[in-house]
Amino acid sequence: MLGVRLKGECMYKVIKYFTENCASCKVLSEVMKNYEDTVEISEINCDDVPEAFLSKTGIMGVPTVVLTFNNENTFREVARFVGPKTNR
């Protein structure tokens, strides 16, 4: 699974941006529960943070999931997806 180390010594960290009234965000939350024991997952409610923060981090829609890699205690973004995804 992407070379992810067990939680506690994570090389990767997932950051999920969501809002409470987003149906796709709720579905994504259920899916991500399957990975809580394996990878560190942080959640940021976009309704609770300033618009300037969202703009600075490039969040333009929800749900947004950002995969970061820890390199010498500095997390850098390695992947991002926005909006609902299907298997098609």
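This text walks through the fold of one chain, from its overall layout down to single residues.

The structure is a predicted model, in which local features need pLDDT of at least 70, side-chain atom pairs count only at pLDDT 80 or more, and totals for chains, interfaces and linings use all residues. Residues are numbered from 1 along each chain as its sequence is written, and side-chain values use heavy atoms, with hydrogens and water left out.

Start with the parts. The chain holds 2 helices and 4 strands. Here helices (H or I, at least four residues) and strands (E, at least two) are DSSP runs, numbered from the N terminus. Read from the N terminus, the elements follow the order β-α-β-α-β-β. The chain has 88 residues, and 34% of them are buried. Buried means under 20% relative accessible area, exposed means over 50%, and partly exposed lies in between (1.4 Å probe, protein chains only). Contacts say something about the fold too. Among those with a separation of 6 or more, 61% link residues 24 or more positions apart. A contact means heavy atoms within 4.5 Å.

Two strands count as paired if DSSP finds at least two bridges between them. In general, strands of a sheet pair through backbone hydrogen bonds, either parallel or antiparallel.

Strand 1 shows both kinds of pairing. With strand 2 it runs parallel, joined by 6 bridges. With strand 3 it pairs in the antiparallel sense, also over 6 bridges. Single residues mark the places. Ile15 has Ser42 as its bridge partner in strand 2. Lys16 has Glu43 as its bridge partner in strand 2, and stands opposite Val65 in strand 3.

Strand 1, helix 1 (residues 23–32) and strand 2 make a right-handed β-α-β unit. Right-handed means that, with the strands pointing away from the viewer, the path from the first strand over the helix to the second runs clockwise.

Now look at Asn45, in strand 2 (residues 40–45). Asn45 counts as buried because its relative accessibility is 11%. A polar atom of the Asn45 side chain lies 2.9 Å from the backbone nitrogen of Asp47. A polar contact is a pair of N or O atoms within 3.5 Å; within protein, one must be able to donate a hydrogen and the other to accept it, and residues adjacent in sequence count only if both atoms are side-chain atoms. Leaving aside neighbours within four places in sequence, Asn45 is in contact with Phe18, Thr19 and Glu20.

Pro63 lies in the loop between helix 2 (51–56) and strand 3 (64–71). A cis peptide bond joins Val62 and Pro63, with omega about -5°. Most peptide bonds are trans. Thr64 is in strand 3. Thr64 is buried because its relative accessible area is 0%. A polar atom of the Thr64 side chain lies 2.4 Å from the backbone oxygen of Gly61. Not counting residues up to four places away in sequence, Thr64 touches several residues, including Ile15, Lys16, Tyr17 and Arg80.

Phe75 belongs to strand 4 (residues 74–82). Phe75 counts as partly exposed because its relative accessibility is 39%. Phe75 and Lys13 are 62 residues apart along the chain, yet their C-alpha atoms are separated by 8.0 Å.

Last, the cysteines. Cys22 is buried at 12% relative accessibility, and Cys25 is buried at 2%. A search of the whole structure finds 0 disulfides, a disulfide being a pair of cysteine sulfur atoms within 2.5 Å.
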